[in-house]
Amino acid sequence: MGKTLPWMLLLGLWLLSPALAQDWRLTRSQTLTQAGAREWRYTLSPSGKEAQELWRKLSEQYREHLRAGYRVDLGAWRLYFLGGRLRVEPHCPAVNPACFTFGALPVSKGRQDRFLLELSQLLHQALTQAQTTGGVVLLSRLFRLEVPRGANPPYPASPSGWRP
């Protein structure tokens, strides 16, 4: 029994992990035409009504921060304007709740922490994959950027769904 308990706990955590990561969805797609395959597209968007509402409120606050000249910290990545152009660059190598720009949301800090940690993890995954394959990364309601294959950050971006 002593040797099987750790395996049972690991199995239980593995089975629960999808249930814990349900706020965000990362979609990877590629358009195929007669001329061949086109660039990859990595789209991050909230999934579920609660997550969509949280992101709507938080992204509005982030837009206001950016318009006012402040940076927005998204865990492993930072978003800011430099010379009138939006940029995305690496930020926190060891992501933790202190690596985020928090918003005034009607949820507990723990809930916002989980929401933003999951966003950071998937954003990092999308940008890492795009660096390997080349392609477009879109974080709904906030930014869109093109990553040439093998390009290193910082990446130039453009607002998505809003004007500065």
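Two strands are counted as paired if DSSP finds at least two bridges between them; the legends below apply this to a predicted model.

**View 1. The antiparallel pairing of strands E1 and E2.** Strand E1, covering residues 24–33, and strand E2, covering residues 36–46, run antiparallel and are joined by nine bridges. Within this pairing, Gln 30 has Trp 40 of E2 as its bridge partner.

View 2. Asp 23 belongs to the loop between helix H1 (4–20) and strand E1. Its relative accessibility is 13%, and because buried means under 20% relative accessible area, Asp 23 counts as buried. When neighbours within four places in sequence are left aside, Asp 23 is in contact with Ser 45, Pro 46 and Ser 47, with Ala 51, and with Arg 111, Phe 115 and Glu 118.

**View 3. The disulfide between Cys 92 and Cys 99.** A disulfide is a covalent bond between the sulfur atoms of two cysteines. The model contains one disulfide, and it joins Cys 92 to Cys 99 with an S to S distance of 1.9 Å. The torsion about this S-S bond is about -60°, and the disulfide of Cys 92 and Cys 99 is therefore left-handed. Cys 92 and Cys 99 are both buried.

View 4. Side chains of opposite charge can pair when their charged atoms come close. The count for the model is eleven salt bridges, and one of them links the side chains of Glu 53 and Lys 57 at 3.8 Å, N to O. Because Glu 53 and Lys 57 are four residues apart in helix H2 (residues 49–67), about one helical turn separates them. Glu 53 is partly exposed at a relative accessible area of 32%, and Lys 57 is likewise partly exposed, at 27% relative accessibility. Arg 56 forms a salt bridge with Glu 60, with the closest N and O atoms 3.1 Å apart; Arg 56 and Glu 60 also lie four residues apart in helix H2, about one turn of the helix.

**View 5. The salt bridge from Glu 60 to Arg 141.** The side chains of Glu 60 and Arg 141 meet in a salt bridge of 3.6 Å, N to O. Glu 60 lies in helix H2, whereas Arg 141 lies in the loop between strand E6 (135–139) and strand E7 (143–147), so the pair ties together parts that are 81 residues apart in sequence. Arg 141 is partly exposed, with a relative accessible area of 29%. Through salt bridges that share partners, Glu 53, Arg 56, Lys 57, Glu 60 and Arg 141 are joined into one network.

Conventions. Residues numbered from 1 in each chain as written. Predicted model: local features only at pLDDT ≥ 70, side-chain atom pairs only at ≥ 80, totals over all residues. Heavy atoms only, no water. Disulfide = S-S within 2.5 Å. Buried < 20%, exposed > 50% of the residue type's maximum accessible area, 1.4 Å probe, protein only. Helix = DSSP H or I, 4+ residues; strand = E, 2+ residues; numbered from the N terminus. Contact = heavy atoms within 4.5 Å. Salt bridge = Lys/Arg side-chain N within 4 Å of Asp/Glu carboxyl O.
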